[in-house]
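Student: I would like to go through this model one element at a time. Can we start with a helix?

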Amino acid sequence: MRGAADGHSRVDDLAAALDAEGVPVHRPELGVLVAAVPADAAARAAAGDAVDAVDDERVRLRSAVKSRDGFFTTFCISPYSRYIARWCARRGLTPNQVTTASLLTALIAAACAATGTRPGFVSAGVLLIASFVLDCTDGQLARYSLQYSTLGAWLDATFDRAKEYAYYAGLALGAARADGDDVWALALGAMVLQTCRHVVDFAFNEANHDATGNTSPTAALSGRLDSVGWTVWVRRMIVLPIGERWAMIAVLTALTTPRITFYALLIGCALAACYTTAGRVLRSLTRRAERTDRAARALAELTDSGPLAELVAKAAPRGTSSYLAPLSAALGTAAVLAGTAAAGFGSWVPVGCAVLYAVLAGVAVAAPLQGPLDWLVPPLFRAAEYGTILILAACSEVNGALPAAFGLVAAVAYHHYDTVYRIRGGTGAPPHRLVRAIGGHEGRTVAVTAAAALLHHQNQGFTIALTALAAVLALAVLIESIRFWVSSGAPAVHDESGEPA
C-alpha cells in the first residue's frame, strides 16, 4: 500500500474506480480531525502527534451545531447555545426536557402577548427569543451527548409548530384586549400561509428524494452560487427560516402592534413562498428526473385524500398527460376558493364548488403522482381546505367564528405535519382508517361549506359547528399520533440538513 509519503493510497484508487463506475462516493469533511495512512514509523509518529493535538471537546461542541442553518441561528444563537447544551449535558438534562422547557417558555410568551399591554408585549418578545434558544439547544444537546430517541424526534418535529401557532393566538387575543382590534383573520392567514409553505418543501423533497437523472440547469446554477459565500446567506435569509422569522416576530411584538406584526409576517412569508416555489417549479420543468414508485406513494399519502376523492379516482380514466394532476388540483382549488369568496357566507354556491373540488381532487389522484409538477398537488389541496375555512369564517361575521376556525385549521395542520414526519421516518402515513374517518381534505371542505349554508341563520351555530369539528379531529389525530410515536417503536428522525423550518 502506498502511504503518506506520496500522498496517495489504494483507498484513493478504490474511490476513483467507484466514481468511474458511476457509484457515488461520500467524502466527509474532516475539519480539524486527522486521517492518515502512515507508510513508516516516522509518519506514524507524526500522525499520532497530530491526533493528540486535536481538542476533542472543541470538536464535540462544533459537531453539536448543524452544518447548515439560517443566518440568525448561525451567528446570533449557536455561538453560545452550544455551551448551554454542554451545561445541560453535564447536569444530566435530556434533550426532551429542554424541548419541553422551550414549549413552556413559548406558551408563557403567548400568555404575555395575550395581556394586550406594552410590558406584556415586550416580555413576550424576550421570551420568544429565549424559547428559540432552547429550541436550538435541545438538538445540540442530542448531538453533543448522542441522546437520540423516537419520542424526542416527535416532540421536536411538532412543538415548533405548536409554539409558533400558539403565539399567533396570543397576539390575536392581545390585540383584542389592547384596543379591540380583531386580527384573528390575519393570525389564521399567517398559519395557513406558513403551513402551505412547509407542505411545498416537504412534497418537493419527497418527490425528488430518490429520483434518478435528477439534474437541471437551475440546480447547477444554485450549485455555482454556493461557491460565492455571501449569496448562500442571502438565499437562506430570503426564505425566512424559523430563526429569522421568530426574531422578526419578537422585535415587532415588543416595538409595534399585533396588526403590524402580522402584516410584516404575511408579506415576508408570501415573498419567501413565491421565491422557493418558483425556484422549485423551474427545477422541475428543466430537469429530466425519473421519479420512483416510493416517491409517488409518498405524494399520494401527503394528499390526505378521503372517501369522496377515492370514489372519483376509481371511476375516473387515468390520463396520460404529465400535467393532468397539478392542473386538476389547481382548477379545483381555484373553483372552491373563488366560488366561496364570491358567494359569501350562507350561500349554497360554496357547497357546489366544494363538490366540484372533490371531483377534481379525485381526478388528480387517479394516476400515480410521478409527473414533473405532481409535487404541487398536496400544497394545492392544503391551500384549498385551509383557505375555504378562512374565507367562510372571515365572511360570516359570527362572533367567535374566526377563533374556532383557527382551532380547526390547527388540528388539521397537526394531522398533516404528523403525516409528513411519519413518511420521513420511513413508516408510512397514518392508518388509512383514520384518514377515512376524518373525511380527507375534500370531505372536510364539503362539510364546512355545508355547515355554513345550513347554519348561517342560527346565532353562533357556525361557530359551534367549527368548534365541535375541531375538537373531534384533534382528539382523533392526537390519540393516534401519541400512540404511534410513543409506543410503536418508530425510528427517530433528526433533521441534520439545516433546511429552514
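Student: What distance does helix 15 reach from its first C-alpha to its last?

Tutor: This is a predicted model, and in it helix 15 covers residues 324–343, 20 residues in total. The expected span is 1.5 Å times one less than the number of residues. That gives an expected 28 Å, and the distance from the first C-alpha to the last is close to it, at 28 Å.

Student: Which helices are among those that cover the buried residues of helix 15?

Tutor: The buried residues of helix 15 are Ala325, Pro326, Ser328, Ala329, Gly332, Thr333, Val336, Gly339 and Thr340. An α-helix has 3.6 residues a turn, so residues three or four places apart point the same way. What covers the buried residues includes helix 16 (349–364), helix 17 (377–396) and helix 20 (440–455).

Student: How many of the 24 residues of helix 18 are buried?

Tutor: At 1.5 Å a residue, helix 18 should span 34 Å, and its end C-alpha atoms are 35 Å apart, which agrees. Helix 18 is largely enclosed by the rest of the structure, because the number of its 24 residues that are buried is 20.

Student: Which residues does Phe462 contact, leaving aside its neighbours within four places in sequence?

Tutor: Leaving aside neighbours within four places in sequence, Phe462 is in contact with Phe345, Leu392, Ala393, Ser396, Ala401, Val448, Ala451, Ala452 and Leu455.

Student: Are the rings of Phe202 and Tyr417 stacked or edge-to-face?

Tutor: The structure holds twelve aromatic pairs. In the pair of Phe202 and Tyr417, the ring centres are 6.3 Å apart and the planes are at 85°. Planes over 60 degrees apart count as edge-to-face, so the pair of Phe202 and Tyr417 is edge-to-face.

Student: How many residues apart are Phe202 and Tyr417?

Tutor: Phe202 counts as buried at 12% relative accessibility, and Tyr417 is buried with a relative accessible area of 5%. Phe202 lies in helix 8 (residues 184–207) and Tyr417 in helix 18, so the pair links distant parts of the chain.

Student: Over which ring does the charged end of Arg422 sit?

Tutor: The charged end of Arg422 is 4.0 Å from the centre of a ring that it sits over. That ring belongs to Phe484.

Student: Is Ser78 buried or exposed?

Tutor: Ser78 is found in helix 4 (residues 71–90). Leaving aside its neighbours within four places in sequence, Ser78 is in contact with Val65, Thr73 and Gln140. Its relative accessible area is 2%, and buried means under 20%, so Ser78 is buried.

Definitions and conventions. Residues numbered from 1 in each chain as written. Predicted model: local features only at pLDDT ≥ 70, side-chain atom pairs only at ≥ 80, totals over all residues. Heavy atoms only, no water. Helix = DSSP H or I, 4+ residues; strand = E, 2+ residues; numbered from the N terminus. Buried < 20%, exposed > 50% of the residue type's maximum accessible area, 1.4 Å probe, protein only. Contact = heavy atoms within 4.5 Å. Phe/Tyr/Trp six-rings, centres within 6.5 Å; stacked < 30°, edge-to-face > 60°. Lys NZ or Arg CZ within 6 Å of the ring centre and 35° of its normal.
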